[in-house]
Amino acid sequence: DALRELTKSLKFKKEVKERLTLKQRSVRRASPKRISFYKSFKYSFRMKWFRFKESLKSAWRDYSLWHRSIKDVEGMYGTSVGSYFHFLKSLVLLNTVVAFITYVLLLLLPLLLLLLATTH
């Protein structure tokens, strides 16, 4: 990209590009150091574990509630509007949890206690 922006002749740019590619080839051809089996195994295990964790995070993020819709809104109106909808999503989830707890504690529990008291 920097080479493209230079105001030099095309011949000069080609020469510079050839020199750079020759340097890169010589660096690649340098004999690599051998590593032990343990280090190789440890590195490959860490990479596989990292990729596994990242794929789980990605799957969790992609299948979360209203993920695609909020992303579309962020794309059209910006991240501040998207943050607002993320906040609303957290309020809806919190409201659902509170409603469930209220239902269980205030409706089902007294009803079960009443049924147990009347049977004995």
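Helices are taken here as DSSP runs of at least four residues, numbered from the N terminus. In this predicted model, a search of the whole structure finds 3 salt bridges. Side chains of opposite charge can pair when their charged atoms come close.

Helix α4, residues 67-77, holds both arginine 68 and aspartate 72. Their side chains form a salt bridge with an N to O distance of 3.5 Å. A spacing of 4 residues places arginine 68 and aspartate 72 about one turn of the helix apart. Arginine 68 counts as exposed, with a relative accessibility of 54%, whereas aspartate 72 is partly exposed, with a relative accessible area of 38%.

Glutamate 74 and lysine 71 also meet through their side chains in a salt bridge, at 3.7 Å from N to O. Because these residues are 3 apart in helix α4, about one helical turn separates glutamate 74 from lysine 71. The relative accessibility of glutamate 74 is 18%; since buried means under 20%, this residue counts as buried. Lysine 71, its partner in the salt bridge, is partly exposed, with a relative accessible area of 38%.

Key. Residues numbered from 1 in each chain as written. Predicted model: local features only at pLDDT ≥ 70, side-chain atom pairs only at ≥ 80, totals over all residues. Heavy atoms only, no water. Salt bridge = Lys/Arg side-chain N within 4 Å of Asp/Glu carboxyl O. Helix = DSSP H or I, 4+ residues; strand = E, 2+ residues; numbered from the N terminus. Buried < 20%, exposed > 50% of the residue type's maximum accessible area, 1.4 Å probe, protein only.
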